[in-house]
2 protein chains.
Amino acid sequence: MSDENVVIKELEPWQKLAELEELSDIAAVSEYIDNLTSEEQRRCFSRLSGAEQEYLIAQLDTQVAADVLESLPERQSTDILQALEPEVAADIIEMLPNHIGADLLMEMSAEDSEAVLAEIDDVIEAAQIRNLATYEWDTAGGLMIDEFLTASLNSTTGQVIQELSAYAEDHDDVEIQYVYVINDDGQLAGVLRLRDLVLKKPSTSIKAVLNWNPATVSVNDDLKTLVSVFEENSFLAMPVVNNEKALVGIITRKAVREATAQQQTEDYLRASGIVAGEELRSMPLLTRSRRRLAWLAPNIGLNLVAASIISRYEDTLQAVIALAVFLPIISDMSGCSGNQAVAVSIRELSLGVIRPTEYLRIIWKEGFLGIINGVILGTILGLIALIWKGSLVLACVIGGALCLNTILSVLLGGLVPLLLKRLKVDPALASGPILTTCTDMCGFLLVLSLASAVLPMLK
Amino acid sequence: MSDENVVIKELEPWQKLAELEELSDIAAVSEYIDNLTSEEQRRCFSRLSGAEQEYLIAQLDTQVAADVLESLPERQSTDILQALEPEVAADIIEMLPNHIGADLLMEMSAEDSEAVLAEIDDVIEAAQIRNLATYEWDTAGGLMIDEFLTASLNSTTGQVIQELSAYAEDHDDVEIQYVYVINDDGQLAGVLRLRDLVLKKPSTSIKAVLNWNPATVSVNDDLKTLVSVFEENSFLAMPVVNNEKALVGIITRKAVREATAQQQTEDYLRASGIVAGEELRSMPLLTRSRRRLAWLAPNIGLNLVAASIISRYEDTLQAVIALAVFLPIISDMSGCSGNQAVAVSIRELSLGVIRPTEYLRIIWKEGFLGIINGVILGTILGLIALIWKGSLVLACVIGGALCLNTILSVLLGGLVPLLLKRLKVDPALASGPILTTCTDMCGFLLVLSLASAVLPMLK
């Protein structure tokens, strides 16, 4: 008996799940999945095919299904939801907090999301979700929660504490920090902190303890603004108001941090050529292949542009074939130097220590660094060429080309993210290919034109 | 007058600062800096030389200096602090929360940090900071705060609320959520939530409202564990206990999120070749140059290994010089395909949907994708070669080599992060260079050995 237990324990969650599924006791499956951690749920679902995922989510207890969709990466949840019958999807959406439901619906096609919204029984909830889904995900509107606790200006502290306690019972998983006080015009009059309420007599008017001048954010504020607002103060949450100063939601520090992390992850993935949103290996093979090719195919074009330089100098290359050995080295080394400068520029932009217009500062700071590193790297590679191929002229051509191209690469690498930022193109997405193409072209041109100039001495 | 105001407003903060500095009214400078946002402070200091930064921090009001050091990137703050006289540094450290002071001191050499600690007047505080500085930054001990509110088991709710209110007055910038109750042995007995206290009679014993079985983390838990613990529950903070179950600190959700973001940033910088910690362009030129070269120089070695393949086939290359045009294209395209697979593996590892031992899953999932993308990309490049150079045999060599090398690259790219993770090497740091070297070698070898095999038909 104890041996058998050990074996079951050692099974991976999805193997255990497969066993339960065979027993086709859906209540047991629901309970089993409910007891997994979020990470185990993700691992489990990543081992199922798309059809299995959809089948399981549709069969599970609705609350458990909603929990699973909250655990999974957003892209995967949307894929599953989109494949479900609209009624089933609507039931699950109703179990999710409105802002999470809205996030998932936003990723769907307009048609599919309307079909799901039409099936949501509670028309007010459907309207709220529809409204939340109109905001860009990385604005205050897209990140806010539309559930919060309000009080009227005429309440007493005792009444507010009473309401708060009732609310806390219903929302056991939400930490309640603030109560928002609304005036007769529906505008935000002020904010009450829980701790301000605690020590007053229950009959105190809240007007006496209210913070009448609360910090707010506008529903259209972008993520960068929100990050700096939360950096400047220590609030856990802030009220979000529309143009009429009406309170439309609250945004938590947590939501801002999560959005920042999401943006960083996307930046990283994009910089690596995963450009169509997150890819998980549980997604259908052809989708994964198509999305990756969408990035690779244009790269062939960029590469051809750079390689066409080599083609123009085939005679020189044929005369001094040793050059062919060094072309990929110079291309790769220049790319590395340039990428370092790109990373520093992207980091400085995100820290706010440089503005997209400060080209001169980049030229100044990278120029000197380029000269130092260029001379050092050029000397190293030149010496290697001298020892390996025994030609001083070849060594000078190779070393000189790497030196000059390093200077060019760090300048370009430093400047490209600023230029892209000004053109409102994501620097993380486009800096790499632009940089590589330019540094390859310049590198090939430098090596081959220098070599052509001194060809008689090289042969 | 109004014109002059406009001009002053348009000056960048550091220009305004320079003006104030000339007036050498340090009180005005302190006030000016104090009123800047964190981002403006960072921008301002990034425009000063190291010597100016140190001079200014030493002159400023100590509290303002401490605020500035909190705004600046950690690396920069440490550099400044290290250059100050130990007494001055100690005064500033005393103004910072202990855990931030400890973070800064940890980055210094042991000798320098001891010199600063020796100058801290409050011996208890010095001991606390010294203790915090013994933990790795990415563990519960390194991320915890050692300021928290405790109560004894014999208190009433009224007494605790009273203490809480006094504490809240003193710590206006900290949101108080929990009170930690300690038993007679100094162990954590339980946790009280603010809202549990609010609705009881002041004479209620806290034993009646206490959560006797609070979730805790161990002081040595690593960041990955902490992330999943906070993902599984909704606490804003959790108590940190040592092996004797004594409460040694609290760790906030915020600290865990910030640490995660910091780790992601470092991963991104490392993947781009900024390997020695954050670089800002305000750092000394030679330091920046040296740190970047530390990454570039070994890359020359890796490149030589790959290029040596070309050298072995110089005869083939000389015979069919058109091959030289395609070598860099195949090297770059294979690198791109491999990097996509690296990014997906790193992401799946961090989401926990794959374990470092699941090689077979990667081979299965990337293998098929590699075949599809390899055939498509190989066909495209083959057709281009056919049209450009007019040789069907050349087209087959180039297309075939890219196809095979794409398959190899996605397999390698998918597997390398898992292998590095098992070897406890940071995948973000080492995946890129290992991948590029291998795919370059294989790519060059494939093109040139295929070409050699069919050389009579190519000429």
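Buried means under 20% relative accessible area and exposed over 50%, with partly exposed lying in between (1.4 Å probe, protein chains only). This is a predicted model, in which local features need pLDDT of at least 70 and side-chain atom pairs count only at pLDDT 80 or more, whereas totals for chains, interfaces and linings use all residues. Residues are numbered from 1 along each chain as its sequence is written, chains are lettered from A and ligands numbered from 1 in the order in which they are written, and side-chain values use heavy atoms, with hydrogens and water left out.

**Overall form of chain A**

- Chain A contains 23 helices and 6 strands, where helices (H or I, at least four residues) and strands (E, at least two) are DSSP runs numbered from the N terminus.
- With a radius of gyration of 30 Å, well over the 23 Å that the globule rule gives for 459 residues, chain A is more spread out than a compact globule; the radius is taken over C-alpha atoms, and the rule is 2.2 Å times the number of residues to the power 0.38.
- Taken along the principal axes, the C-alpha atoms of chain A fill a box of roughly 95 × 65 × 50 Å.
- Of the 459 residues in chain A, 53% are buried.

**Salt bridges within and between chains**

- Side chains of opposite charge can pair when their charged atoms come close.
- Over all chains, a search of the whole structure finds 22 salt bridges, each being a side-chain nitrogen of Lys or Arg within 4 Å of a carboxyl oxygen of Asp or Glu.
- A:R257 and B:E258 form a salt bridge whose closest N and O atoms are 3.3 Å apart; because A:R257 lies in helix α16 (residues 253-271) of chain A and B:E258 in helix α16 (residues 253-271) of chain B, the pair joins two chains.
- In that pair, A:R257 counts as buried at 18% relative accessibility, while B:E258, with a relative accessible area of 39%, is partly exposed.
- Within chain A, the side chains of A:R270 and A:E266 meet in a salt bridge of 3.3 Å from N to O, and these residues, 4 apart in helix α16 of chain A, are separated by about one helical turn.
- A:E266 itself is partly exposed, its relative accessible area being 26%.
- A:K389 pairs with B:E314 in a salt bridge, with 2.9 Å between the closest N and O atoms; since A:K389 belongs to helix α20 (residues 359-389) of chain A and B:E314 to helix α18 (residues 314-319) of chain B, this pair joins two chains.
- Here A:K389 counts as partly exposed at 24% relative accessibility, whereas B:E314 counts as buried at 17%.
- A:E279, A:R288, A:R292 and B:E366 are joined into one network by salt bridges that share partners.

**Surface patches**

- Patches are made of residues with over 30% relative accessible area and no salt bridge, like charges being joined within 9 Å and nonpolar side chains (Val, Leu, Ile, Met, Phe, Trp, Tyr) within 5 Å; accessible areas come from the Shrake-Rupley method with a 1.4 Å probe, and for residues only the protein chains shown count as cover.
- A patch of negative charge on the surface gathers A:E85, A:E87, A:D91, A:E119, A:D121 and A:D122.
- One of its members, A:E87, is found in helix α8 (residues 86-95) of chain A and counts as partly exposed at 39% relative accessibility.
- A:W364, A:F368, A:I371 and A:V375 make a nonpolar surface patch of about 420 Å²; A:F368 is found in helix α20 of chain A and is partly exposed, with a relative accessible area of 41%.

**Individual residues**

- A:T316, in helix α18 (residues 314-319) of chain A, counts as buried at 7% relative accessibility, and its C-alpha atom is separated by 9.9 Å from that of A:L458, 142 residues apart along the chain.
- B:A385, in helix α20 (residues 359-389) of chain B, counts as buried at 0% relative accessibility, and 44 Å separates its C-alpha atom from that of B:R281, 104 residues apart along the chain.
- B:K245, although not a glycine, has a positive phi of about 65°, and B:K245 lies in the loop between β5 (237-241) and β6 (247-252) of chain B.
- B:K424, also a residue other than glycine, has a positive phi near 60°; B:K424 is placed in the loop between α21 (392-422) and α22 (427-453) of chain B and counts as exposed at 78% relative accessibility.

How values were computed:
Lys, Arg positive; Asp, Glu negative; His and termini not counted. Charge placed at Lys NZ, Arg CZ, Asp CG, Glu CD.
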